[in-house]
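I opened this model to see how its chain is put together. My notes follow in the order I took them.

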Amino acid sequence: MKTFDPKKLTVTLGMHTVTGFASDSMLTIELDSEVYNTDVDAYGNSSRFKINNTNATLTLILSQASPSNDILAAFYALDVSANQGTFPATIKDNSGTTLITSQFGYIEKLPSIEYGAESKNREWVIKLTETTFTVGGIT
């Protein structure tokens, strides 16, 4: 029987390994555009055109108590103050074969802040550029 273990999912941004993911959902990642665009002429002939955009959007869903919130906030502050908040990124499923890498990432959007009687999540939106995807299964 194959098993996914959340503890074996690693997200590395620069030199920092992200910890403190939310219990219900850890992250989402998707390419920003399709790989091909299709054009159909007046006679019904189709042609496809490759779109060479390998940018992706990564959303990390962290617990309010995650120490990684401080690191991501520091990346954001460094980018805003000195334009130097970029970092390489790697997402690896060590329970399987999925591997996503990016040469450059940056904090695209700060999370919404919510407080209440229970812990709330922080959703960090990160833009990844020059991204490679190997989408695999659980081994």
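**Hairpin and sheet**

I began with a hairpin: five residues link strand 7 to strand 8. Helices (H or I, at least four residues) and strands (E, at least two) are DSSP runs here, numbered from the N terminus.

I noted that the model is predicted, so local features need pLDDT of at least 70 and side-chain atom pairs count only at pLDDT 80 or more, while totals for chains, interfaces and linings use all residues. Residues are numbered from 1 along each chain as its sequence is written, and side-chain values use heavy atoms, with hydrogens and water left out.

I looked up the pairing in the hairpin. Strand 7 (residues 87-93) and strand 8 (residues 99-109) run antiparallel, with five bridges between them. Two strands pair if DSSP finds at least two bridges between them. Ala 89 has Ser 102 in strand 8 as its bridge partner. Lys 92 stands opposite Leu 99 in strand 8.

I moved on to the other neighbour. Strand 8 is joined to strand 9 by nine bridges, and these two run antiparallel. Ile 100 has its bridge partner in strand 9, namely Phe 133.

In what order do the strands of the open sheet stand? I read 2-1-7-8-9-6-3, seven strands with antiparallel pairing. Strand 2 (16-17) and strand 3 (27-31) are at the edges; each has a single partner strand, so one side of each lacks a neighbour in the sheet.

**Whole chain**

I stepped back to the chain. I found one helix and nine strands. From the N terminus, the elements run β-β-β-β-β-β-α-β-β-β. Along the principal axes, the C-alpha atoms fill a box of roughly 60 × 50 × 30 Å.

I checked burial next. Of the 139 residues, 31% are buried. Buried means under 20% relative accessible area, exposed over 50%, and partly exposed in between (1.4 Å probe, protein chains only).

I also looked at contacts (heavy atoms within 4.5 Å). Among those between residues at least 6 apart in sequence, 65% join residues at least 24 apart.

**Lys 127**

I then picked one lysine. Lys 127 lies in strand 9 (residues 121-134). Is Lys 127 buried or exposed? I found it buried, with a relative accessible area of 10%.

Which side chain makes a polar contact with the side chain of Lys 127? I found that of Asp 32, at 2.5 Å. A polar contact is a pair of N or O atoms within 3.5 Å; within protein, one must be able to donate a hydrogen and the other to accept it, and residues adjacent in sequence count only if both atoms are side-chain atoms.

I listed what else Lys 127 touches, leaving out residues up to four places away in sequence. Among them are Asn 55, Ala 56, Thr 57, Phe 104 and Tyr 106.

**Two positive phi values**

Asn 83 is not a glycine, yet has a positive phi of about 55°. Asn 83 sits in the loop between helix 1 (68-82) and strand 7. Asn 83 counts as exposed, at 66% relative accessibility.

Glu 130 is not a glycine either, and has a positive phi of about 50°. I located Glu 130 in strand 9. Glu 130 is partly exposed, with a relative accessible area of 46%.
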